[in-house]
Amino acid sequence: MNDASMVLPAAAVALVGLALAAAIGRMARRSWVPGLSGAVTGGCGIGAVQLAGYGDIGLLPLAGLLVVYGVVVGGVTLLAGGGRE
């Protein structure tokens, strides 16, 4: 189902997503943050899952993974933004 050699690239994609989330929190207009955070969650989350070889795990487990990754992305975005208004 998965290839162990692809775990590192998948982790790198997920970490790039977190770096993007931090940049979004620090620099993006406040009104753009939800959309950009969703794009990071979808793009990097699904990309990492696909690279790791878990793309065929089914819709419910995939949705669960994306929810967890989305919560982490959202947390990083909020922490990087520092609660600015």
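Two residues are said to be in contact when heavy atoms of theirs lie within 4.5 Å. With that in mind, Tyr69 can be followed to its neighbours: leaving aside residues up to four places away in sequence, Tyr69 touches Val13, Ala14, Gly17, Leu18, Val40, Thr41, Cys44 and Gly45.

This is a predicted model, in which local features need pLDDT of at least 70 and side-chain atom pairs count only at pLDDT 80 or more, while totals for chains, interfaces and linings use all residues. Residues are numbered from 1 along each chain as its sequence is written, and side-chain values use heavy atoms, with hydrogens and water left out.

The chain as a whole has three helices and zero strands, where helices (H or I, at least four residues) and strands (E, at least two) are DSSP runs, numbered from the N terminus. Along the sequence this reads as the pattern α-α-α, and the C-alpha atoms fill a box of roughly 45 × 25 × 15 Å, taken along the principal axes. Of contacts between residues at least 6 apart in sequence, 81% join residues at least 24 apart.

Of the 85 residues in the chain, 28% are buried, a word that here means under 20% relative accessible area, against over 50% for exposed and in between for partly exposed, with a 1.4 Å probe and protein chains only. A nonpolar core is a set of buried Ala, Val, Leu, Ile, Met, Phe, Trp, Tyr and Cys residues joined through side-chain atoms within 4.5 Å, and the largest one has twelve residues, among them Ala14, Val40, Cys44, Tyr69 and Val73. Helix H1 (7-27), helix H2 (33-51) and helix H3 (59-81) each supply at least two residues of this core.

Which residues of H3 are buried? They are Leu62, Leu66, Tyr69, Val73, Thr77, Ala80 and Gly81, and the buried residues of H3 pack against H1 and H2. At 1.5 Å a residue (the expected span is 1.5 Å times one less than the number of residues), the 23 residues of H3 should span 33 Å, which agrees with the 32 Å between its end C-alpha atoms. Just after H3, Gly82 takes a positive phi of about 65 degrees.
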